[in-house]
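Visitor: Could you take me in for a close look at a single part of this protein? I would like to see how it sits among its surroundings.

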Amino acid sequence: MVRRPPRVFLDSSVVIAGILSPRGGSAAVIDLARVNIVRLALSETIIREAHENLAKKAGREQLRALFVLAIEFKSSIARSPTDQQLRRYDGLILDVHDRHVLAGAATTRSSVLLSLDRRHFFTETLRAAKLSFTIQTPGDFLTELRASLRE
């Protein structure tokens with residue numbers, strides 16, 4: 001039986017880490033998307049956040065890498081969530097400005113949301129919420145993926 005690659009929504013923290021640390025777990029997830037083992041999902045807001053943060057923290061080379069990534073996965077970049085889509089996540093996440101990440105994962109029908117932001121995305125409230133996707137770190141996702149591929 002052929003399994004469909006999981007659709008994985010990336011938080012901007014994962015995009016940034018993938019660019020800044022090419023040998024880390026975040027970069028590994030992006031590399032797996034390049035060979036169709038996973039399907040990436042992003043949003044315009046995620047790309048914008050990554051650009052703003054890289055512009056502050058990094059140089060031209062890293063901004064160029066983000067540009068290349070955005071072009072390479074252009075068909076995987078969804079429009080930013082609407083206000084109505086954002087409101088569905090009111091009260092679920094500590095930082096109201098992160099609702100777009102949850103809405104992005106849901107609207108792209110991702111099975112997994114990857115984030116490195118433990119403070120905002122790995123809370124009891126979100127663990128108890130009936131979301132259509134799971135939330136994991138890239139490292140935890142890779143460990144599970146590796147195990148599932150062995151089966």
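Guide: Serine 115 is buried, with a relative accessible area of 0%; buried here means under 20% relative accessible area, exposed over 50%, and partly exposed in between, using a 1.4 Å probe and protein chains only. Before we go further, please keep in mind that this is a predicted model, where local features need pLDDT of at least 70, side-chain atom pairs count only at pLDDT 80 or more, and totals for chains, interfaces and linings use all residues. Residues are numbered from 1 along each chain as its sequence is written, and side-chain values use heavy atoms, with hydrogens and water left out.

Where is serine 115 along the chain? It is found in the loop between β4 (112-114) and α7 (118-121); helices (H or I, at least four residues) and strands (E, at least two) are DSSP runs, numbered from the N terminus. A polar atom of its side chain lies 3.0 Å from the backbone nitrogen of aspartate 117.

Leaving aside neighbours within four places in sequence, serine 115 is in contact (heavy atoms within 4.5 Å) with Asp11, Ser13, Val14, Phe121, Phe122, Gln136, Thr137 and Pro138. Follow one of these partners, Phe121: not counting residues up to four places away in sequence, phenylalanine 121 touches Ser115 itself, and its other partners include Asp11, Ile93, Leu102, Leu113 and Ile135.

Phe121 also leads us to the largest nonpolar core, which has 42 residues. Such a core is a set of buried Ala, Val, Leu, Ile, Met, Phe, Trp, Tyr and Cys residues joined through side-chain atoms within 4.5 Å. Phe121 is among the residues with the most contacts inside this core, as are Leu10, Val15, Val29, Leu102, Leu113 and Phe141. Helix α6 (residues 99-107) provides the largest share of the core, 5 residues.

Stepping back, the protein has 9 helices and 5 strands, and of its 151 residues 42% count as buried, serine 115 being one of the buried residues. Contacts between residues 24 or more positions apart account for 67% of those with a separation of 6 or more.

Terms used:
A polar contact is a pair of N or O atoms within 3.5 Å; within protein, one must be able to donate a hydrogen and the other to accept it, and residues adjacent in sequence count only if both atoms are side-chain atoms.
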